[in-house]
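The following exercises concern the structure shown below.

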Amino acid sequence: MSYSSDIKDRLSQLENACEYCNRAQLAAMVRYTGRFCGDRLTLYTENKSCVNVIKKLVMQCTGIDSDYIYKEKSHLYEYTVSGSATDNICDALLLFDDDCDSLVPFECCRGAYIRGAFLGGGSISDPKKSYHLEFDSRHAAEADRLLRMLEKCSISAKITCRKGHYIVYIKDYTSIADVLGLIGDSQSALEIYNISIEKDLRNSINRQINCENANMDKIADAYKKHLAAIEKIRKTIGLSKLPDSLREIAAVRTAYPEDSLKKLGERLEKPIGKSGVNHRLNRIVEIADSIN
């Protein structure tokens with residue numbers, strides 16, 4: 001079972017706060033799953049929990065008791081009403097009313113509508129792989145309606161067009177968690193926050209490891225350069241030609257090639273700091289470079 005299906009099954013178990021929430025949720029589900037053909041309205045969904053919610057809400061909102069069928073060829077559940085039942089549903093759910101506020105008179109109803117939109121046309125990626133939540137609508141007006149409703153809940157979303165459908169989508173994990181909390185799945189919302197924390201921690205550790213590896217590479221390159229310069233001087237003019245301070249640091253560097261500059265400075269007869277060690281070693285490299 002997919003991550004989206006798990007969430008939809010959980011949301012399908014919720015009871016709405018009021019009768020207006022029932023109407024709002026069903027209206028969204030009809031708008032996202034419904035198809036009109038003459039006086040017939042058919043709702044299509046791949047999720048059995050969703051079609052059971054549709055059946056229950058239709059009964060609660062209109063008193064109509066109709067059943068659904070499963071089409072094995074298309075792997076879809078179909079819930080169909082016709083004739084006066086279609087008119088009753090359209091009237092009860094304000095399906096041809098463009099006024100969002102009349103459909104969601106209370107704040108709880110807004111969450112119920114968005115829940116219905118998710119049950120009817122929503123999908124969400126597993127947050128362990130990526131952050132992506134979307135609502136798939138066949139109508140631009142419905143996508144705009146949902147976008148405005150999300151904005152009233154302080155949730156930022158965007159719309160794109162894909163294969164003739166209008167997709168309202170969110171890629172920010174905090175906004176996705178906010179949507180899940182709003183529609184009643186606080187469990188998944190908390191899970192997303194926990195996953196984001198784990199990802200941030202893992203990325204921080206990886207950056208630290210990469211930084212440490214880069215520093216080790218720099219140290220290795222530096223001591224190879226120093227040793228090569230010391231060896232060149234030894235084979236040409238001889239280390240005895242160097243000033244005492246450079247001869248001493250050359251001896252320490254040769255004896256402890258992988259030590260940090262700070263550690264090398266501490267090993268000298270008269271300890272010096274990193275900058276002093278670096279200056280002396282750079283001077284040795286300059287002398288080696290000047291030898292033809």
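**Exercise 1.** With which residue does Arg162 form a salt bridge, and how far apart are the closest N and O atoms?

*Solution.* The model is predicted, so local features require pLDDT of at least 70 and side-chain atom pairs count only at pLDDT 80 or more, whereas totals for chains, interfaces and linings use all residues. Residues are numbered from 1 along each chain as its sequence is written, and side-chain values use heavy atoms, with hydrogens and water left out.

Step 1. Recall the rule: a salt bridge is a side-chain nitrogen of Lys or Arg within 4 Å of a carboxyl oxygen of Asp or Glu.

Step 2. Apply the rule: the partner of Arg162 is Glu134, and the closest N and O atoms are 3.0 Å apart.

Step 3. Locate the pair: Arg162 lies in strand E7 (residues 158–162) and Glu134 in strand E6 (residues 133–137), so that the bridge links distant parts of the chain, 28 residues apart. Helices (H or I, at least four residues) and strands (E, at least two) are DSSP runs, numbered from the N terminus.

Step 4. Compare exposure: buried means under 20% relative accessible area, exposed over 50%, and partly exposed in between (1.4 Å probe, protein chains only). Arg162 is partly exposed at 38%, whereas Glu134 is buried at 10%.

**Exercise 2.** What span should helix H3 have, and how far apart are its end C-alpha atoms?

*Solution.* Step 1. The expected span of a helix is 1.5 Å times one less than its number of residues.

Step 1. Helix H3 (residues 48–62) has 15 residues and should therefore span 21 Å; its end C-alpha atoms are 21 Å apart, in agreement.

Step 2. Examine the surroundings: after H3 comes Gly63, with a positive phi near 80 degrees. Among the buried residues of H3 are Ser49, Val53 and Leu57.

**Exercise 3.** Which residues touch the most other members of the largest nonpolar core?

*Solution.* Step 1. A nonpolar core is a set of buried Ala, Val, Leu, Ile, Met, Phe, Trp, Tyr and Cys residues joined through side-chain atoms within 4.5 Å.

Step 1. The largest core holds 59 residues, of which Ile124, Phe135 and Val179 touch the most other members. Its largest share, eight residues, comes from helix H2 (residues 19–33).

Step 2. Apart from this core lies another, of 17 residues, including Ala229 and Leu246.

**Exercise 4.** How many disulfides does the count give?

*Solution.* Step 1. A disulfide is a pair of cysteine sulfur atoms within 2.5 Å.

Step 1. The count by this rule is zero. For example, the sulfur of Cys61 is too far for a bond, because the closest cysteine sulfur, in Cys18, is 10 Å away.
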